[in-house]
Amino acid sequence: PNIIALDGFRPLPGFDHHPCATWAPDSRWVAFVGNGDVWVADTDTGAIRRLPGLRPTDLEWRPGTDELAIAGDIGPDRGAETSSTPVTIYSASTGGLRRLGSVRAALLTWSPDGSTLAYQGGENDTSELRLVDADGANDRLLTDTGGANHGVGPVWSPTGERIAYQR
């Protein structure tokens, strides 16, 4: 086993104290949320990078890359509304952060080939399921979901032909 100490990790008030991690496609990096920050751990070296002040609702690694999409704001405690925020892309290789065009989301998922991001908003803008190209261009409506999202956000099928979502 490779044990990485999470010194200083703590949840925001009212949230689960166990981090739910997501693996990068190359299995080197793992990302999770704690203290309202995004924590990115290098499983080869044990180094941890912290991206402060994001309080994201969703994290998703872009297939075939070391890019992590970060979306939403869970608020400072369990009673806060989930908010849409500009989607931020973090590159584990460069450490750089960039915005994905003008996209604002709370829930997101990459297509299996990494070319398209499907997303939904938070607060009162959950009724649309939208698609945007990986470079932030060609933002388009896929469907009106008919109401608020419940639970998890959209999820691509392994073939990329379908997207499942809850409403």
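Tutor: Before we look at the sheet, some terms: strands are DSSP runs of E with at least two residues, helices are runs of H or I with at least four, and both are numbered from the N terminus. Two strands pair if DSSP finds at least two bridges between them. This is a predicted model, in which local features need pLDDT of at least 70 and side-chain atom pairs count only at pLDDT 80 or more, while totals for chains, interfaces and linings use all residues. Residues are numbered from 1 along each chain as its sequence is written, and side-chain values use heavy atoms, with hydrogens and water left out.

Student: Okay, in what order do the strands of the open sheet come?

Tutor: The order is β5-β6-β7-β8, four strands with antiparallel pairing. At the edges are β5 (58-61) and β8 (97-105), each of which pairs on one side only.

Student: And what does the twist average from one strand to the next?

Tutor: The average is 25 degrees, where axes are lines fitted to C-alpha atoms (for helices, over the stretch in contact) and angles between N-to-C directions run from 0 to 180 degrees.

Student: How many bridges join β5 to β6?

Tutor: Four bridges join β5 to β6, which covers residues 67-71, and the two run antiparallel; Asp58, for instance, has Ala71 as its bridge partner in β6. On the next step across the sheet, β6 and β7 also pair in the antiparallel sense over four bridges, with Leu68 partnered by Tyr90 of β7.

Student: What about β7 and β8, what do they form?

Tutor: They form a hairpin with five residues between them, and Gly95 in that turn has a positive phi of about 80 degrees.

Student: Is β7 mostly covered or mostly open?

Tutor: Strand β7 (residues 85-91) is mostly covered, since six of its seven residues are buried, that is, under 20% relative accessible area with a 1.4 Å probe and protein chains only, whereas exposed means over 50% and partly exposed lies in between.

Student: Which residues touch the most other members in the largest nonpolar core?

Tutor: They are Val87, Leu108 and Leu117, in a core of 13 residues; such a core is a set of buried Ala, Val, Leu, Ile, Met, Phe, Trp, Tyr and Cys residues joined through side-chain atoms within 4.5 Å. At least two core residues come from each of β6, β7, β8, β9 (107-110) and β10 (116-120), and β8 gives the largest share, three residues.

Student: What does Val87 touch?

Tutor: Leaving aside residues up to four places away in sequence, the contacts of Val87 include Ala69, Ile70, Leu100, Leu108 and Leu117, with contact meaning heavy atoms within 4.5 Å.

Student: New topic: what lies over the face of Trp110?

Tutor: Arg62 does, at 5.4 Å from the ring centre; the rule asks for NZ of Lys or CZ of Arg within 6 Å of the ring centre and within 35 degrees of the ring normal.

Student: Last one: where is Ser27, and what is its phi?

Tutor: Ser27 is in the loop between β1 (22-23) and β2 (29-34), and its phi is near 65 degrees, positive although the residue is not glycine. Most residues other than glycine have a negative phi. Ser27 counts as partly exposed because its relative accessibility is 47%. Asn138, in the loop between β11 (128-133) and β12 (140-144), has a positive phi near 60 degrees.
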